[in-house]
Each structure stands twice: as C-alpha cells, then as structure tokens.
Amino acid sequence: MAAIDEVNVYFSSYPDFVHQKLQIASETFTIAGLKSLINFPQTMYMVRDPLLSAAINRLELLDIFTGLGQAIALDTNTIISEISDGMLIAVHDATGKVISIYPVPQPNSRSISLPTMENNVGGSNSAFNEDLNSNLVLLRSHLNDNDLRIKTYSFGNDKKNTVMLCFSEQTIDPTLLDTLTQKLEANLNTEISNLKELSSVFQFSKFSLVTHYMTHELPQNAVRAIKNGRAVLFIERLPFAIILPSLVSDMFITEDDLNHPPVFSWMLKILRIIGSLTTLIFPGLYVALVSVNPDVLRFELAHSIARSRLDVPYPAIIEALLLLGIMELIMEAIIRLPTSIGPTVTMVGGIVLGQAVVDAKLVSNLLIIVLAAATIANATVVGFQNSYTLRLSKYLLLILSAFLGVLGLLSGLVILCAYLAGVRTLGIPYLQLIRAKGD
Amino acid sequence: MTMLSGCWDNKDINHRALPIAMGISYQNGKYKIYLDIPKVSERNAGIQVITATGDSVSSAVDNISMNMESQLDLLHLKVIIVDKTFAHRGLDEIVDSIIRSRHVSPKTMFVICDEPLDQFFKRINNPSNGDGNEIYDFFQKNSGWNPEIAYTPVWKVFRSIHSYTHDVVLPVIQSGETTAIQSNGSGILKNGKMVGRLSNEQTLLYNVFNGISLDGKIEVTGKATLQLVNSHIRHQTKLDNKNPEMYCTLHLNVIILDATGHPSTKEIKLELQTLLQRRLEQLLQKVQRTQADIFGIGQHFRNDLTRTELANWRTEYYPHVKINLKVITTIRNTGNLKLP
C-alpha cells in the first residue's frame, strides 16, 4: 500500500485530513478524506450502514463495498486529486481496491437568499449564490424545459474551476453556440475564476466601453435570456449568471416588467430611456448652455443662471469636472463603506458638502441640481455594468460640449451611437433588437 | 494646447452682459445706441442703461463693449427701439446691418418710439415701475402682449424692404403716465420708411386679417362688446384687367361680454359685419393712399403678374384693390345669459 502511505505523507501537515480504519466483520477498510469538505459523522454512517447490514445478512462484503462509489486506480496522484475535490476515499486493505465515494458535503455556501445587487419589484426574489448546484436547482425550477441543455467544463490544470453552460437547443443561435463552445473547449487549460479571465477566453477587447455580458442574480432574468436564445454561463463561486451576449435592450428591459400591467411596463421602459439620456446629456448641456451657447436659453433663465453663477471663479467645465469627480468618489466610497456608517457618510457627502460648496461660491446652485439629476438618473438603467458605460461616456459629451457647445453635445451623441453600432459580441451586434431572419 | 483650441474664447454666462432692448437714434450723421442691460447681482437690482455714439450701429456697440467690464452679447436682445424721426428717415440701412451681422436674432421685435429715446429710457427705467424688464415683457406673447399691438420681428421688416408686395406695420409706443409703456397704435412701414399711422383698433383688425388668432375685444356700437375667441380667414382673388379684387371670408368665434338694450344675436351679427366692413374699408383706403401693402395683398396675385408688373404693384395695381369682406360669426357663448 505504498500509494496510500504517499497520500498520508502528502496530507500529513493538513489539520483537516482524516485517515482511519474501519473494521467490518473480518474485513478492514481504510477511509481518508478532508473533514473541512466532508461531514464525517454522517458520511461514516452512510458508508458503514450498508456494510454492516451486508455482514449481518452474510452477503459478499466486497460487492457491497464497490457499489458504494466509483472505483478508481490505486495511484497517488489520482487519490490526491479526488481527496482535494472533496470525495471520500475508501480502500479495501486486503485487495487494494480504491473507491471514491460521494460524501455528505460540509455546507460551503449560504442558502438561497435575497439578491444583494439586484432589486426588483413584483418578481421572484430568490437569487443565485456561490454554489453551482443550487444555481442549477434555481434555473431548473424556473425553466422546466426538455430543450434545456447544460454542458459542464472543468477549467484549469493546477487551479481548477468548473464552468457550466446552459442554453436552449431550440432557440439558441447556432453560430453563437458554435463560437461559444469552440472558444471554451480551446481554452480548457486556462484558469477561469473571474470575469476578466472569462473575457480573455472569449477574446473581448480590453478597452471596450460596453459590457459584452450581463450578470444577473435573479434566475428569472437568466431564464428570459435562455428563452430568447442566449447562452447562460455559471462559474463556480461567482454568485450570478453570466449572460452572453449583452444587447442594448438589456439596459432598459427586465423580466420583472412583465409582472406589471403593460401600460406601466412601457412607462418604466420609457423612464429608463429618459434616465439614460438625462445622465448622458445633462452635465454636457449645462456646460454648453452656460459657457458656449447661452443664446439658446430663454432670457429669464439666462438671467437667473447668470445670477446663480455670480462670484464663481472657475469656468463651467472645471466646475462641472470638480463636482463630478467628488460625486464619483462618493459613489465608489459607498460600496466600500460598512453598512453601519454608509448612510452617515452619504449624508455628509451629499448634503453638507454640496451646501458648503455652493456657499463657498465654488460652484453654482444650478450645477448641484444638474449633477443630482444626472447621478440619480444613472441608476435607472438595468444592470450596474450598463451604468458604468453611461458614467464614463458622459465625460465624452461633457468635454465635447465645453469645446463646441450644443453642437459638440450632438456630435458626442453621434460618436457614441457609432461606437455602439460597431460593438459585436461573439458575432452578434450590440444594437440588435430583433434577431435577423434565418438565424 | 489642443485642449484649448475650442474653448479658449468661450465666456461664461456670468461674464456676459445680456441686453434686452436696444434703442437706436440717428442725429447729425451719427448713431446713438441705448442698451438696456438688466444688472446681474445678488439682489436683482434693476437695470442699467448704457449709451454710446458711433458712425455706425456696430461701431457704437463696439464702443460700449470696449468700455464694459463684461462681454456684450446681443443674442438675447428682444426689442429694438428706434425713434420716430429716424423711422421717417428710413430704417433700411440698420435692418441690413442687423441681418448681416448675425449678432442679433432675426426674431427680435422692431418698435417705433413716439418720444425722444433719452426721455423714453429714463422714464421706463424708473425703479417704481418694477424690475426693469417691462420693455421685454410688454412684447412677450405669454405675458404683456395684446392683439391691439403689432408684432413684427426684424426678419419681416427685412422682407418688406426687399419685397414688391409685402409691407409691415411696427408698434408705436411711448412711456406711459401710469404704466411703464403705453401703446400708441402702429406705424406703417413702406420700404423701411414710416409713411403713416394706424390706431390700436385698426391694428387689431390688421392682426385679424393677417390670420393671427387672438382674443381681442370689439365693441359693436351701442349693442354689445364681443370678445374674439378664435378667428380664421380665407382669401380668394380675382384679377380683372388691372383691377385686383379680393373675396375674404372671416370666421369669428366670439363671446358676448356686455349687451345693452337687449339686442338679438342676429342684430349683433349684422352689426358686427357692417362694422368690420366699414373699418376694413377705412383702413384699406388709408393704406392705399400711402401705397404700402401691409396686408400682403400682392402676395395673392404673384401668380397672375409677371416680375416686371409686380415691380409696379404698389403704384399701379394696389390703389385699385377692392376687398369684399364677408363675416361669419359664431356666438359661442352668450356669457351665461340668454338673449332673445
């Protein structure tokens, strides 16, 4: 039993390694596993119970033993890798037969709970979590469909991770499926544990301003994507579904809209479109109207803006960049802050700082309004990746407006539209609203 | 440096002076400019009148700009006021220069002032009048404008100067006794020169005839006072051997405000028809004498005349124009009272 001894040596420094003998009738079995991954008392009971009853009923113990799990080769590396995967290894000392048993695992995930990043009104509320299996349970219970296909890939040589690909045979675009599986299968040796590594497998541009995939915590959104012919990926330990490809409509439409009456669901979609335009245009429009084209304003408004900007030392663009910068800092800080002091800091940042900045005549009152509107509107779009896109592209419009005024704002929008029109994900255009016929 | 290439000369709105009214008078070969600039300050304190003289309008404006602490931006100019003597002399040069310069919006109102501009600007900016924007509000359709006041932007004046068949009227104002501004009817402008006057009532009729839907009041002598709610007009034309004739149908929707002596609706309608016909007749005779086609009647005959004939429209055809006005009145509402 040299192999077993080598395994013992390999794991000797591990505090959670369990290695014990099990005597049933006249036979001796050796059982080994990691107790951090295996619930030992229950597993031992599970293993011993059939063997004992077999011994009492005078059945052939070895047959029962092999039926407990999967036979594997008596090889050090195989056994080590099985143990690392959380399997229980049982060896029949007399014959040297090795069985890998699927044990009662230690709970290593939170239970299915409310989503943390994605809020919804009127839809189902259980969210994906870190465990692939419970994600699969959620997906299957939302989509009981014979066409649902699930492929599992094991990535990485040293650092292993499992990736699960789900799609519907009926609706998925065959070319999308081909490129997807090809790229996944060609890169089985690379390690995938985060979205950046996944992006590099799919060769997405590193400088893309638009997200190529949506991540959803709520199973109904993943199911909608599958029904619409898209692919859903799960990476082990990432608590969301990755939906490929992402389209412009994902910014404005969520599955939960369908739980509202149609009029309101349209209203919500229109609100999101208005929100995205507001967050893009407002800061730029402010700069354009205040410093380049004040002639567009009504006289009364121009006069009142001019009054609100009395004594403001900086030109409008510097003023806007200053406050936008602070706003971005606040938004980033809120994520990092513990929830217990988050609200306090938000209040200090939002109200006290804003008021102080105005009182100190560093910026005009109107800019605070514009900025608040733009920041709030930024949150109306669906998916935080999409709000990043808007957050960044508003600076393009802002700077162009500072140069060219309203004309610059317009040309910025044109540039943005042209860019979006050029983005493709795995061969599918970002602006695709309706799938082309023949797909 | 490339970052600065676009915006180095942009000035923020609080560094621009935004005049709302410009007065132009012409004395001894020099233009004198008055600019009415609302003060930009914490307390919103009134208005500033700045004057300068120069050989041309633009050089006078340049003079002001040079001496002011902020950049002069004429794009918000809403009213251009010229004095009566200047209007009699002819406005074609300044209208040309305004259109050419592009610093002033073509939608700016053109106004004639009945009194010297010095006095006018001094009196309308009396602090007891209000915040100093009266001259602006007076001509705003959503605040002080009334259908008895002509409404003529610069581009229409420019068009009238260069057109054979279309003239304009400009509102005539002066500073009022109890109000800041008082309307004195309007002045008929022919090729940029003021050639006659209309009263306030005639201006209302002019506005109705030009199809501006409005809510003016008409007094039917001795019978009733009517409020116009809605009006539209349709024209048909006939050219009969140098005698242009025009058939107009005016549809009026009115509300009765006052009635004296219990008139029937039929009487009111008949009275209104004769009244309007008589007034239009008077008005037409008056403008025909000045040979200024303020109704743009010639526009309707452009199909029938050659270009050379059109050139003589004002002198040969226009004095012979006849208008047959038919008024169709709908009394929409008798003011909650039943009439016999």
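This is a predicted model: local features need pLDDT of at least 70, side-chain atom pairs count only at pLDDT 80 or more; totals for chains, interfaces and linings use all residues.

Reply: Two residues are in contact if their C-beta atoms, placed from the backbone, lie within 7 Å. Setting aside the neighbours within four places in sequence, N386(A) is in contact with T211(A), D250(A), M251(A) and V381(A). One of these, M251(A), is 135 residues away from N386(A) along the chain, yet their C-alpha atoms are 6.3 Å apart.

Is N386(A) buried or exposed? A residue counts as buried if 20 or more other C-beta atoms lie within 10 Å of its own. N386(A) has 21 other C-beta atoms within 10 Å, and is therefore buried.

In soluble globular proteins, nonpolar side chains tend to be buried together. Here the largest nonpolar core has 126 residues, and Y286(A), V79(B), I80(B) and V111(B) are those with the most contacts inside it. Helix α9 of chain A, residues 262-292, gives the largest share of this core, 10 residues. Another core, of 33 residues, lies apart from it and includes F128(A), A222(A), I235(A) and A241(A). As for V111(B), its contacts beyond four places in sequence are V79(B), I80(B), I81(B), L170(B), P171(B) and I173(B).

The two chains also touch each other. Contact between them involves 18 residues of chain B and 19 residues of chain A. On the chain B side, eight of the residues are nonpolar, six are polar and four are charged.

Within chain B there is an open sheet of eight strands with mixed pairing, in the order β4-β3-β2-β6-β7-β8-β9-β10. Its edges are β4 (47-54) and β10 (193-198) of chain B; each has a single partner strand, so one side of each is left without a neighbour in the sheet. From one strand to the next, the twist averages 30 degrees. Further in, β6(B) pairs with β7(B) in the parallel sense over five bridges, and I80(B) stands opposite F110(B), a residue of β7(B).

Helices pack on this sheet. Helix α6(B) touches β6, β7, β8 and β9 of chain B, and its direction makes about 130 degrees with that of β8(B). This helix covers residues 154-162 of chain B, and its buried residues are V154(B), K156(B), V157(B), F158(B), S160(B) and I161(B). Besides strands of the sheet, the elements that the buried residues of α6(B) pack against include α3 (92-101) of chain B. Helix α4 of chain B, residues 117-124, lies across β2, β3, β4, β6, β7, β8 and β9 of chain B and runs at about 65 degrees to β8(B).

The domain assignment gives domain 1 as 14-198 and domain 2 as 210-340. The centres of domain 1 and domain 2 of chain B, taken over C-alpha atoms, are separated by 31 Å. Where they meet, 12 residues of domain 1 of chain B are in contact with 18 residues of domain 2 of chain B. On the domain 1 side, the elements giving two or more residues are β8, β9 and β10 of chain B. That side has six nonpolar, three polar and three charged residues.

Terms used
Residues are numbered from 1 along each chain as its sequence is written. Chains are lettered from A and ligands numbered from 1 in the order in which they are written. A nonpolar core is a set of buried Ala, Val, Leu, Ile, Met, Phe, Trp, Tyr and Cys residues joined through C-beta atoms within 7 Å. A residue is buried if 20 or more other C-beta atoms lie within 10 Å of its own, exposed if 12 or fewer, and partly exposed in between; C-beta atoms are placed from the backbone. Helices (H or I, at least four residues) and strands (E, at least two) are DSSP runs, numbered from the N terminus. Ala, Val, Leu, Ile, Met, Phe, Trp, Tyr, Cys and Pro count as nonpolar, Asp, Glu, Lys and Arg as charged, and the others, Gly among them, as polar. Two strands pair if DSSP finds at least two bridges between them. Axes are lines fitted to C-alpha atoms, for helices over the stretch in contact, and angles run from 0 to 180 degrees between N-to-C directions. Domain bounds come from an automatic or database domain assignment.
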